[in-house]
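Subject: Structure for your review

Dear colleague,

Please find the structure below, together with its sequence. My notes on what was found in it follow directly after.

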Amino acid sequence: MAYKGRRAVDPHVVMAEVISTKQVSPNMMRVTLGGDELDRFTPAGYDQWFRLFLPRAGQDMLRLPTRTSGLWYAEYLTTPKARRPWVRNYTVRAARPDLNELDVDFVLHAGDDDGSAGRPGAGHDADSAGGHDAGHAAGPGAGFAKAAEQGLRVGLLDQGVAYNPRHDHDWTLLVADESGLPAVAGICESLPADARGVAVVEVPTAADKQEFRAPSGVEVRWVLRSDVAGDGAAAHVVPGQAALAELCALDLGHTGDVYAFTIGESALATGARRHLVGERGVPKAHVDFVGYWRHGKAAPS
């Protein structure tokens, strides 16, 4: 059975609008969404993710499904393609329920395909940052983030939280590429203050590092694709390979039972789990993985 994480609390299809945009690093754009209907969106912390409905070019109206169960997709498919919105999956980077606002981060990889990023049950659809989360420049999500104007309306459907340890554990291990950076940040900011662990996060360049809160016992280890590729060649290295190599060489140092959560490009997520189970002896039940996207493979339109 596919890994599904924790379900959303009372999900609804809600309308939101763009409040502002900000390029937070060379390869990441942040879009702040707001509106009165977001009071029906229940923040859950960690790597909470949602379906994002975006208008296609030429559409003068955003047609959203009315069902909130799994039947929303069947309703979506019955809508003529010319009138369907784009649907992609994203991670909540930050929530401010007192203001009815959400921040969502989108990866801006020039020239990348709109690969699968996100988690429909066990993995996200395309261009998430998610993440949960972080889109690609060729995809509708990143295109939306780069061109979004204040007041543009979008739809959201909460899908819950993927980070879901189901056993007692002494420390946490997170492994991600930049598409999983919003999820790693959200998880670290939601962990208890006495949590211990390691987060391995691969980003294209040093300028793509982000500041976020983490418990003092959680070490955030940044892996730079530019260091692996050399000057000017980072864009040609498959995302996730450097993070996987870092994990394989890492002296984990912690004792006791671990809960590991590996996310991002599909080969990173599955390769990290395979290494931890096969080479480190971590029980399969202690490792969850979510392939947000697949290098070189476009998401369904």
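Seven strands form an open sheet in the order β4-β3-β10-β1-β2-β6-β5, and their pairing is antiparallel. The edges are taken by β4 (86-91) and β5, each of which has a single partner strand, so one side of each is left without a neighbour in the sheet. From one strand to the next, the twist averages 35°. Please note that this is a predicted model.

Within the sheet, strand β1 (residues 13-25) pairs with strand β10 (residues 153-161) in the antiparallel sense, over five bridges. One example is A16, whose bridge partner in β10 is V154.

Strand β6 deserves a separate paragraph. How many bridges join strand β2 to β6? There are seven, and β2 (residues 28-34) runs antiparallel to β6; L33, for instance, has L102 of β6 as its bridge partner. Strand β5 (residues 94-96) is also antiparallel to β6 and is joined to it by three bridges, with R96 partnered by E101. The hairpin of β5 and β6 has four residues between the strands, and N100 takes a positive phi near 55° there.

Are the residues of β6 buried or exposed? Seven of the seven residues of this strand (residues 101-107) are buried, so β6 is largely enclosed by the rest of the structure. In a regular strand, side chains alternate between the two faces of the sheet. In β6, E101, D103, D105 and V107 point one way, whereas L102, V104 and F106 point the other way, and all are buried.

Helix α2 (residues 140-147) lies across β1, β2, β3 (48-54), β4, β6 and β10, and runs at about 115° to β6. Helix α3 (residues 181-190) is mostly covered, with eight of its 10 residues buried. The buried residues of α3 are L181, P182, A183, V184, A185, G186, I187 and C188.

Finally, a word on confidence. The chain averages a pLDDT of 86, and 85% of the residues score at least 70. Over residues 111-128, however, the pLDDT stays under 50, although the model has 110 contacts beyond four places in sequence for this stretch. Residues 132-137 also have a pLDDT below 50, and the model gives that stretch 54 contacts beyond near neighbours in sequence. Where pLDDT is low, the predicted coordinates should not be read in detail.

Yours sincerely,
A colleague

How values were computed
Residues numbered from 1 in each chain as written. Predicted model: local features only at pLDDT ≥ 70, side-chain atom pairs only at ≥ 80, totals over all residues. Heavy atoms only, no water. pLDDT = per-residue confidence, 0-100. Contact = heavy atoms within 4.5 Å. Buried < 20%, exposed > 50% of the residue type's maximum accessible area, 1.4 Å probe, protein only. Helix = DSSP H or I, 4+ residues; strand = E, 2+ residues; numbered from the N terminus. Pairing = 2+ DSSP bridges. Axes fitted to C-alpha atoms, helices over the stretch in contact; angles between N-to-C directions.
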